[in-house]
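Dear colleague,

Please find below the sequence and structure that I am handing over to you. I would be grateful if you could look through them alongside the notes that follow.

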Amino acid sequence: MQNELSPKTKKLLVLILIVGCFFSTLNQTLLNVALSELMQIFQVTPATIQWLATGFMLVNGVLVPITAYLMKRFSTRQMFMSSMVFLFIGSVLAACAQNFGMLLAGRMIQAAGAGIILPLMMTVIVYLYPAEQRGAIMGKMGFAIIFAPAIAPTVGGFILEYLSWRYLFIMMIPISAAIIVLALKYMINIEEGSKLSLDLTSVLYSTIGFGAVLYGFSSAGSRGWGDWLVLTSIIVGIVSIALFSRRMLASAQPLLNLRVFSYKMFTMTSIINITITILMYADLILLPIYLQDGRGFNAFEAGLILLPAAIINAFLSPVTGKLFDRFGAKPLFLIGTALIALSMLLVIDLSTTMSVPYLIIRTIVLRVGLAFITMPLNTAALNALPRELASHGSAVNNTVRQLAGAIGTAVIITIYTMQLSHVDITTNEGFATAAGSTYIWMLGLAILSIIIALFVPNKVEKSNSSVE
């Protein structure tokens, strides 16, 4: 396949995928700044409104593990078109929502599309490009994966400030429609798809396992860690995932091939992926909380403070992709984790008087660190695998990311809530102090990621051979 398509066709195909992925990823985090307003509009409790975020994550977490099967069963064109159609239908339904149930239904339909697009895009790149060229292409993908959630607070804040919450969904309707039209004309099949039997028992274990774990950790922030439903969900989820893993390792044609972890580079990058994803998602929640509760900025103003770092991140990601192709994984991992740790160190003493330029520079340091590590991490992981395992590696990668995001966010919010109990929350200074104390824990996790990066192999494993 690498030699059959012209460079122009490959670039066009990747561009369509990146645009689709960008807006799917943007849509995932765009609603976060609107939760408090939607809670008042639909007159629901914080625990209920949180389902707009939790439900999205649940659908993603349930769907991602079976994408490896879906990508074998259906053609590339069918998968991509399905993803964009789900985004379109979900956006229309949510934009027209007259009650919370209708809004949640639209949101979860959107999530079905988002759960397909990212692993699909990574797998297509493995099939289109040889290992020595993937870093640069994955770097361009970083524009979608990192830049979209980074600018979401700014875009969402602007829409809420000057328009209506409905435009958070209305804007997605013409965009997804345009991508569907482009895909109809230009999208080609990398794989045609074939008739494969579906292991329903594995799907059941996967759905219950990942769904229950994600629900449990996502609900812990609002319900409390001692809540019976939270504990039951986590326990049931862990048991189901254990049964799922055992079945996968024993199966000749597993739904999700966990043998990808027999490759050292893939395993090491997965561990780093967990720590970095926790830090990225936690910062995306904690810093806006500090800016709004500790400093009194509105959602749009907080988003503007985060915007310069997001822009730099977007332009740097393709550069780090090329650096990966030239120097390999380990140097970039060490630079990236060091910068991330430095960014956490710079905000452990947050106060109400800390200057805005200082916060902007600090966030730029974080985003540069993420650019050095996020896409090189995925590239190194997939380069280590035989091409036959690419779809499984991509699905595992994204499953790990979903779990880390949900679990990490819940833990960090819990720590932040605990810190609030030790300060005076009637003052802005109290919120700032609690956020700073939480960043101390995040600094510890960042230092751990540096230590793990030291053990990453010096050379990127390159394997396109058949699975033994």
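This is a predicted model: local features need pLDDT of at least 70, side-chain atom pairs count only at pLDDT 80 or more; totals for chains, interfaces and linings use all residues.

Helix pair. Helix 1 (residues 7-30) and helix 10 (residues 172-186) have axes that come within 11 Å of each other and cross at roughly 160°. Because angles over 145 degrees count as roughly antiparallel, helix 1 is roughly antiparallel to helix 10. The crossing of helix 1 past helix 10 is left-handed. On the side of helix 1, the contact involves L12, I16, V19, G20, F23, L26, N27 and L30; helix 10 contributes M172, I175, I179, L182 and Y186. Sorted by class, this contact holds eleven nonpolar and two polar residues, with no charged residues.

Cavities. The count comes to four cavities of 30 Å³ or more. The largest cavity has a volume of about 230 Å³, and 19 residues line it. Of these, T25, Q28, L118, Y281 and Q402 lie nearest its centre. Two or more lining residues come from each of the following elements: helix 1, helix 7 (100-128), helix 8 (134-162), helix 13 (264-294) and helix 17 (390-420). The lining comprises ten nonpolar residues, eight polar residues and one charged residue.

With kind regards

How values were computed
Residues are numbered from 1 along each chain as its sequence is written. Side-chain values use heavy atoms; hydrogens and water are left out. Axes are lines fitted to C-alpha atoms, for helices over the stretch in contact, and angles run from 0 to 180 degrees between N-to-C directions. Helices (H or I, at least four residues) and strands (E, at least two) are DSSP runs, numbered from the N terminus. Angles under 35 degrees count as roughly parallel, over 145 as roughly antiparallel, 65 to 115 as roughly perpendicular and the rest as oblique. A crossing is left-handed if the near helix is turned anticlockwise from the far one by less than a right angle, and right-handed if clockwise. Contact means heavy atoms within 4.5 Å. Ala, Val, Leu, Ile, Met, Phe, Trp, Tyr, Cys and Pro count as nonpolar, Asp, Glu, Lys and Arg as charged, and the others, Gly among them, as polar. On a 1 Å grid over the protein atoms alone, a cavity is a set of points where a 1.4 Å probe fits but cannot get out, and a pocket is an open set with protein on both sides within 12 Å along at least five of seven lines; lining residues have an atom within 4 Å of a point. Grid points are joined across faces, edges and corners, and a volume is the space filled by probe spheres set on the points.
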